[in-house]
Amino acid sequence: MKNVLKTIRIGGYIVLFFLVIQGQAQIKLVDYKVDVGEYPFAKNDAQNPCITSEEYALLDKEVSDNLKKLGLENTANRNTLTTSFIWPLKPKTGFSQCSYHFIGAYVDQNTATTAIQDYNCEANTYDGHTGTDIAVWPYSFYKMDNNQMEVIAAAAGTIIQRADGNFDRNCVGVGSGLIANSITIQHADGSYALYWHMKSGSVTSKIVGQTVVAGEYLGIVGSSGSSSGPHLHFEARIGSTSASYKDPFSGTCNTLNATSWWASQRPHTEPTIMKVSVNTTDITFANCPNSDILTESDTFLVPFQGPGLTAGYAKFYLFLRDIPVNGNLSMRILNPNGTIFNSNSWNFPMPTYYKTSYVGFSKVLPTIDGTYTFDATYNGVTCSKQFTIVHSLGISENSNSTNLKLYPNPTNNEFILSSDTIENGDYEFTLTNITGQIIKKGTTSIQNNKLAKNFSITEFENGIYFIIIKGEKTCMVKKIVKS
């Protein structure tokens, strides 16, 4: 939720050691710096709940009024609950992160105002919380801004409440007095599901009274209403009012319902590597509600010099959820042929438990052109990321086997990439500065072997840039001079 960065610097530098090969002393760099950081998200609490009592009152009235208009107020069979839920979030097509969420708070099972307890007899909740808060991470506002996390219907039913157009970048957990961007669905057995905090303008165009099927798109995870950051508040009920809430998770300390409402219930705690990335410099998390500026890159131009890094080094990051103390993380950098690059495999025991955290390593990059893989494994599950090495020296503006042209060059505002012999297929365009940091990305699909694409660089300072054109079988680089 709220992006607050607390960093612990561990380790230092193992500088140089010598290997003697065929009588000659050679230097092998194994120097790396380790960064371990916690992401101490600021969740809502009893003083600042993600749905206030005033918001619940407005919601209950709207639901009641709509049920009467639709003639559905007396159709529920509350003695036979048959609904089961699928997971209410789905990454958009093409999303490649290994995992994307953590639970900020479960339903509070302890009704006393001085104690809290979740369904598993633990304390991942806050006083009076009546839903499940599913937060997205890392880079939560970036995910929201790029529509990466879709809210989907956990079960089929009829829309009996819908709200959209409300402010969606709240992050302090203070009640706004407005209903969040939200959907409430009544299921065939008379139970309900509430989906709260969605992004403004993203809510399904379907209206109250229309039906949805399980898995159907409802909106994008956002931070509207009284949210402390982008997350979905998912709430299950057996009736139309907020007082009828249940806990979809079954567990020893669930006093609300005996059985799970999930078709396949997830574990209470899911330790895993959520994402790995290769970065041009240290990561930063933006202060809420600003969107994060990513420093990761898919392509590195050799010679490479990242800001604040030793020449030739990049940062290799892991983003983690619930890794226990001394949980062993195993990392490798693999050559294009699958062998280990420069004997570069290493282990790292997690020194401290954090719900969400990151670990970063400064490691030397390969210098031979090709596509490499950085992977990390925990408890037998591997998360990986490919990155490409290309050489920037000697790149010309207009020569290429595909007759790829870039003009005008030098330029001051925009340039055009064109070719009439390029191979058909999907291509990714990446614009980097001279250090290799990605500053703009885009995609296109080539048909009839023709390319004609405009790029604007008006917002960037004068200097040298590189445009990397990457297809399924090719990777081309062009140098651009802005003057």
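## Aromatic cluster

A cluster held together by ring pairs contains Phe-300, Phe-304, Phe-316, Phe-341, Trp-346, Phe-348, Phe-361, Tyr-372, Phe-374 and Phe-387. Rings of Phe, Tyr and Trp (its six-membered ring) pair if their centres lie within 6.5 Å; planes under 30 degrees apart count as stacked, over 60 as edge-to-face and the rest as tilted. The structure is a predicted model, in which local features need pLDDT of at least 70 and side-chain atom pairs count only at pLDDT 80 or more, while totals for chains, interfaces and linings use all residues. Residues are numbered from 1 along each chain as its sequence is written, and side-chain values use heavy atoms, with hydrogens and water left out.

The structure holds 32 aromatic pairs. One of them joins Tyr-139 and Phe-319 edge-to-face, at 5.7 Å centre to centre and 65° between the planes. This pair links distant parts of the chain, 180 residues apart: Tyr-139 is in the loop between strand E7 (132-136) and helix H2, and Phe-319 is in strand E18 (residues 313-321). Helices (H or I, at least four residues) and strands (E, at least two) are DSSP runs, numbered from the N terminus. Tyr-139 and Phe-319 are both buried, where buried means under 20% relative accessible area, exposed over 50% and partly exposed in between (1.4 Å probe, protein chains only). Phe-300 is buried at a relative accessible area of 0%, and Phe-304 is buried at 5%.

## Five-stranded sheet

Five strands form an open sheet in the order E17-E23-E22-E19-E20, with mixed pairing. Its edge strands, E17 (299-302) and E20 (340-349), each pair on one side only. Two strands pair if DSSP finds at least two bridges between them. Neighbouring strands of this sheet are turned by 20° against each other on average, direction ignored; axes are lines fitted to C-alpha atoms, for helices over the stretch in contact, and angles run from 0 to 180 degrees between N-to-C directions.

Strand E17 pairs with strand E23 (residues 381-391) in the parallel sense over four bridges. The bridge partner of Phe-300 in E23 is Ile-389.

## Four-stranded sheet

A second open sheet has four strands in the order E27-E26-E29-E30, with antiparallel pairing. E27 and E30 (475-482) are the edge strands, each pairing on one side only. Strand E26 (residues 425-433) pairs with E27 in the antiparallel sense over eight bridges, and Phe-429 stands opposite Gly-442 in E27.

## Pocket and cavity

The largest pocket has a volume of about 1,100 Å³. On a 1 Å grid over the protein atoms alone, a cavity is a set of points where a 1.4 Å probe fits but cannot get out, and a pocket is an open set with protein on both sides within 12 Å along at least five of seven lines; lining residues have an atom within 4 Å of a point. Grid points are joined across faces, edges and corners, and a volume is the space filled by probe spheres set on the points. The pocket is lined by 34 residues, with Tyr-142, Glu-296, Asp-298, Lys-385 and Lys-441 nearest its centre. Helix H2 (140-145), strand E16 (272-279), E23 and strand E27 (438-446) are the elements that give two or more residues to this lining. E27 gives the most, with five residues. By class, the lining has 12 nonpolar, 11 polar and 11 charged residues; Ala, Val, Leu, Ile, Met, Phe, Trp, Tyr, Cys and Pro count as nonpolar, Asp, Glu, Lys and Arg as charged, and the others, Gly among them, as polar.

There is one cavity of 30 Å³ or more, and the largest cavity has a volume of about 110 Å³. Of the 15 residues lining the largest cavity, His-101, Ile-103, Tyr-106, His-268 and Glu-270 lie nearest its centre. Strand E6 (residues 101-105) gives the most to this lining, with three residues.

## Backbone features

Two cis peptide bonds are described here. One joins Cys-288 and Pro-289, with omega about 10°, and Pro-289 is in the loop between E16 and E17. Another joins Tyr-407 and Pro-408, with omega about -15°.

Asp-322 has a positive phi of about 60° although it is not a glycine. Asp-322 lies in the loop between E18 and strand E19 (328-334) and is buried at 7% relative accessibility. Asn-342, in strand E20, also has a positive phi, near 50°, and is partly exposed, with a relative accessible area of 34%.
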